[in-house]
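Open the structure in your viewer and keep the selection tool at hand. The tour goes stop by stop.

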Amino acid sequence: MLYPSIDELETQVGSKYSLVVAASRRARLLRDGAASQLQTPRSHKFVGRALEEIYHHMVTVEEK
């Protein structure tokens with residue numbers, strides 16, 4: 001099962017499209033060497049870590 005679930009993330013972000021954009025941008029930053037704010041990430045992949053950070057409110061998503 002996917003953690004965190006898409007339904008839980010969608011309530012925080014607003015739409016699946018905003019979630020995809022935010023997660024992909026954060027995953028690129030992590031891939032390029034940015035430090036993860038998670039103490040013990042459950043995922044070893046960049047996209048999974050980005051979704052966990054969004055879920056734990058470590059990354060803010062601004063709508064324009």
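A residue counts as buried under 20% relative accessible area, as exposed over 50%, and as partly exposed in between. Keep that scale in mind for the stops below. The model is a predicted one.

**Stop 1: colour by confidence.** The average pLDDT of the protein is 86. A score of at least 70 is reached by 95% of the residues.

**Stop 2: select residues 6–13 and 16–31.** These are helices α1 and α2. Two packed helices are described by the angle between their axes and the distance between the axes. Here the axes come within 9 Å. They cross at roughly 95°. Angles of 65 to 115 degrees count as roughly perpendicular, so α1 is roughly perpendicular to α2.

Now show side chains where the two helices touch. From α1, pick Ile 6, Leu 9, Glu 10 and Val 13. From α2, pick Lys 16, Ser 18 and Leu 19. Of the residues in this contact, four are nonpolar, one is polar and two are charged.

**Stop 3: select Pro 41.** Pro 41 sits in the loop between α2 and α3, the latter being residues 46–55. Is Pro 41 buried, exposed or partly exposed? Its relative accessible area is 31%, so Pro 41 is partly exposed. Pro 41 is in contact with both, leaving aside its neighbours within four places in sequence. Then draw a distance from Pro 41 to Glu 53. The two are twelve residues apart in sequence, and their C-alpha atoms lie 8.9 Å apart.

**Stop 4: select residues 46–55.** This is α3. Which residues of α3 are buried? They are Gly 48, Ala 50, Leu 51, Glu 52, Glu 53 and Ile 54. Glu 52, a contact of Pro 41, is one of these buried residues. Bring α1 and α2 back into view. Both are included in what covers the buried residues of α3.

**Stop 5: select His 57.** Move on to the segment after α3, where His 57 is found. What is the phi of His 57? Phi is near 60°, a positive value in a residue other than glycine. With a relative accessible area of 59%, His 57 is exposed.

Methods:
Residues are numbered from 1 along each chain as its sequence is written. This is a predicted model: local features need pLDDT of at least 70, side-chain atom pairs count only at pLDDT 80 or more; totals for chains, interfaces and linings use all residues. Side-chain values use heavy atoms; hydrogens and water are left out. Axes are lines fitted to C-alpha atoms, for helices over the stretch in contact, and angles run from 0 to 180 degrees between N-to-C directions. Helices (H or I, at least four residues) and strands (E, at least two) are DSSP runs, numbered from the N terminus. Angles under 35 degrees count as roughly parallel, over 145 as roughly antiparallel, 65 to 115 as roughly perpendicular and the rest as oblique. Contact means heavy atoms within 4.5 Å. Ala, Val, Leu, Ile, Met, Phe, Trp, Tyr, Cys and Pro count as nonpolar, Asp, Glu, Lys and Arg as charged, and the others, Gly among them, as polar. Buried means under 20% relative accessible area, exposed over 50%, partly exposed in between (1.4 Å probe, protein chains only). pLDDT is the predictor's confidence in each residue, from 0 to 100.
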